[in-house]
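Please read this note with the model open beside you. Take the points in order.

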Amino acid sequence: MSATTVLIIGAGVTGTGLARDLALRGISSIVVDKTDINAGASGGNHGLLHSGARYVGGDVMAAVECREEGGILKNLAPHCIEDTGGLFVAVAGDDERYVADFALNCRKAGVPCREVDAGTAREMEPVLSDGIIAAFEVPDASVDPFRLSLDNMAHAEQLGARFMPMTRVVALRVAKGRIVSVQVQHVVTGEVADIKVEQVVNAAGAWAGEILALVGREIDLVFSKGTLLVTSDRISRRVINRLRPAADSDILVPGGTVSILGTTSLRAAHPEDFRPTVAEVDAIIDDAKAMIPVLDTTRYIRAYARIRPLFGSSSNQDDRGVSRGFALLDHEAQGLDNFLTITGGKLSTFRLMAEKTADLLCAKLGRGGPCQTRNVALPSFSSGKWTEPGSAPREWMRRKDTDEKVICECEIVPQSVIDEILAGMPAASSGTTLLSVGLRSRVGKGPCQGGFCAIRLSGYLYDRGVLARDQGLEEMRAFLEERWRGIRPIVWGYQEIQAEFQEALHCGLLDLELNTNTAGRG
Ligand SMILES: Cc1cc2nc3c(=O)[nH]c(=O)nc-3n(C[C@H](O)[C@H](O)[C@H](O)COP(=O)(O)OP(=O)(O)OC[C@H]3O[C@@H](n4cnc5c(N)ncnc54)[C@H](O)[C@@H]3O)c2cc1C
């Protein structure tokens, strides 16, 4: 039986951030995830590094936390952040009271805010509607959550932590009021193993309740579904927020070569309700065009959805009114003295969530130094650097190797980048190579959404001996199904032509019809 000091369930920003925090304090950990890095909300969010301005009207504590944490991250992980700046803009008909109070509310929370007149705002961002009536500049930014988690995990591993992807927690063994071991199962091979533990942290996000159910405990969580849209081009330089109390379709976040528009907040039945719908997409675009008219006609290449776990809110009917703060629960009060749950919160505040959790763990363990993530810069690792748009083409241009084939033509990802990703991939990820490579790179993220590169990548993986027999077809099916879920609700215009071509290619030529068992699922 293997053993660890702390077993962390979930490899989102919280779990990977916690592993790094603990490693810097000299505490070893194993992170397990039933899928891979950022399989939950951490891999399906807006990518907005909040300045805090979004929350000044209703949740000053959240605003202050975002301001402080945003500043720390900009200093210590600049390679994960594009410091775009942000604008809050109101259009005719928006709540004038909210607009009038905004600057004062920002001042109260210490969030820098500068009023600009409508003309200047439109010079700064020409896509803004000529109907805007007020604008304020704030220090919002965009963050690459994949690079953040990959680098956090890589740094933790360098300092002794271990990551086990495709590893689901299936049982927690309890003796005398303590969890003594955690049973895990590899989702591909079915192999079961027990890990002896001193402490266990449930960082399973929206699945936190499922983990607690394994030991007969409950948590008051509701699921709020957020849907987002990806444009094929970048629409603005800055983050653009609608200046009104939080509502749908309020935020456009630029990320590299694209922009991300959203989001909704709809009550969902379960944590894997990941399927964006046509009605959600239509509603988002319909609402957002008042702020940025071009959003009505621009090309969208994908939609995606994820679940926010909102804590302490089952009796509240309005999910927008529930705090987006985090909950750190010590289950000692429920008779389990080495078990914590950390859930809720924001990508922007993940470091603080990890710090608070690690502080409590160290107190329970009676060892471990003070938190260092406030001061120690996050190094950049090769495992994380290929998620940045432009990094692979830059490398390809630098090498000037005319024989080197490009695997993904939309994002210009050459063979050498695939080789580097494969070399750094965790061993246990076997069985989902295409998805794992996609997660660690820009493969499949461009306008064709995997149409061509899924075939090229499979072929290359056969050449490299990574795939054998008919594995490539199953790999492609899983990869393309995941992409199709995002294409399905935006099939019009160019994307319809693209989808019809892909249907002919994948179904007509390769017989890759959708798997009837999973086609209708979230
Ligand atoms: C639509 C949307 C937009 C958002 N936009 C922003 C934003 O712009 N800015 C911002 O700051 N925040 C944003 N957030 C919030 C942010 O994304 C989350 O707070 C954050 O990602 C939560 O990370 P986490 O690690 O706690 O949970 P998750 O990322 O959900 O990770 C939980 C992990 O647990 C794993 N897991 C579950 N069950 C098991 C099991 N049995 N065994 C092993 N592993 C398991 C899952 O596979 C998953 O990887 C957004 C959230 C949503 C949903």
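Predicted model: local features only at pLDDT ≥ 70, side-chain atom pairs only at ≥ 80, totals over all residues.

1. Residues are numbered from 1 along each chain as its sequence is written, and side-chain values use heavy atoms, without hydrogens or water.

2. Start with the ligand. Ala, Val, Leu, Ile, Met, Phe, Trp, Tyr, Cys and Pro count as nonpolar, Asp, Glu, Lys and Arg as charged, and the others, Gly among them, as polar.

3. Now look at the ligand's oxygen atoms. An N or O atom in the D33 side chain lies 2.6 Å from one oxygen atom of the ligand. For a polar side-chain atom of T14, the distance to a ligand oxygen is 2.7 Å. V13 uses a backbone N or O atom, 3.3 Å from a ligand oxygen.

4. How much of the ligand does the protein cover? On its own, the ligand has 1,000 Å² of accessible area, and the protein covers 96% of that. The areas come from the Shrake-Rupley method with a 1.4 Å probe.

5. Turn to the second largest pocket. Its lining has 17 residues, and W484, E503, H506, C507 and L514 lie nearest its centre. The lining divides into eight nonpolar, three polar and six charged residues. A pocket is an open set of points on a 1 Å grid over the protein atoms alone, where a 1.4 Å probe fits, with protein on both sides within 12 Å along at least five of seven lines; lining residues have an atom within 4 Å of a point.

Notes: Polar contact = N/O pair within 3.5 Å; in protein donor to acceptor, adjacent residues only side chain to side chain.
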